[in-house]
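Trainee: Please show me how to read a structure. I would like to start with helices and then move to a ligand.

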Amino acid sequence: MNKSALVTGASRGIGKAIATNLAKEGYDLHLICQNNIESLNEYAEKLRLSHNIKVKTYAGDVASYSFIKDVFSQIDHLDLAVNNAGISYVGLLQDMSEEDWKNIVSVNLDSVFYVSKEATKLMLSNHSGHIVNISSVWGCVGASMEVAYSTTKGGINSFTKALAKELAPSGIQVNALACGFIDTSMNAHLSEDDRAALLEEIPANRFGSPEDVAAALLSVVNGSSYMTGQVISVDGGWI
Ligand code: NAP
């Protein structure tokens, strides 16, 4: 039987690159997005044909526990859960509405709880498994104009460390990747001047790609079975 992985936010950006790498590794996939289900379905078909794997796709809001429970009701075996879906909010805290605050906390953080809770139930019976949370360097150091986003990612980092301790006796590893600037549509709002200024701060002298994060994820999943509770930066030496 193939190994099986679930990836949230798999329709584009980092999640899509992660799905590609896992397909190459021979994982059967459960891929979640919110809106772009047609392009996700097209991509899933490519992965099925190229890698001879099973791929199921789901469209819904990861902030809804009933949606996540519905997805998991269709999964009987899971080796890896990747909590990747996320949104950003850029603006002063004083201008942020209560609705926007609740939305970003719900999409970025509640979803990690829902998916990890359901994934753990499946992994406990195998006494093995990985949960990898896609976090941000802003969760480690905080970013001006991104207080809510930094809060959710800081929460993910603590969640990772705490759950790792809880699940280590059960053979389940929990780690996070704290990404720096990864060149995806999440950063599409930045001007050329903003991009140039950011680039100057990054020692690697380039932005990260979704493939850089996907490679880091594989190194976690294929690496030491003794490594858990770690928040690993993937940021070109930036922070
Ligand atoms: P992206 O290109 O904007 O893609 C976001 C993905 O998440 C899409 O697949 C989207 O689905 C899905 N998604 C968003 N809200 C959702 C919801 N409520 N329910 C279900 N799916 C939802 O983002 P990205 O840059 O790849 O970011 C992926 C993760 O990396 C996020 O957690 C982000 O915070 C983190 N990260 C990114 C960077 C960066 O510089 N890009 C840096 C640090 C951390 P649809 O296509 O259907 O909308």
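This is a predicted model: local features need pLDDT of at least 70, side-chain atom pairs count only at pLDDT 80 or more; totals for chains, interfaces and linings use all residues.

Trainee: Which residues of helix α3 are buried?

Mentor: The general idea comes before the case. An α-helix has 3.6 residues a turn, so residues three or four places apart point the same way. Buried means under 20% relative accessible area (1.4 Å probe, protein chains only). In α3 (residues 65–72), the buried ones are Phe67, Ile68, Val71 and Phe72. They lie on the same side of α3, because their arc around the axis is only 135 degrees. The arc is taken from the directions from the helix axis to the C-beta atoms.

Trainee: Where is Ser116, and is Ser116 buried or exposed?

Mentor: Ser116 sits in helix α4. Ser116 is buried, at 1% relative accessible area. A polar contact is a pair of N or O atoms within 3.5 Å; within protein, one must be able to donate a hydrogen and the other to accept it, and residues adjacent in sequence count only if both atoms are side-chain atoms. The side chains of Ser116 and Asn83 make one, at 3.2 Å.

Trainee: Which side-chain atom lies 2.7 Å from a ligand oxygen?

Mentor: A polar one of Asn36. A polar backbone atom of Ile182 is 2.8 Å from a ligand oxygen atom. Taken alone, the ligand exposes 900 Å², and the protein buries 95% of that. These areas come from the Shrake-Rupley method with a 1.4 Å probe.

Key: Residues are numbered from 1 along each chain as its sequence is written. Side-chain values use heavy atoms; hydrogens and water are left out. Buried means under 20% relative accessible area, exposed over 50%, partly exposed in between (1.4 Å probe, protein chains only). Helices (H or I, at least four residues) and strands (E, at least two) are DSSP runs, numbered from the N terminus.
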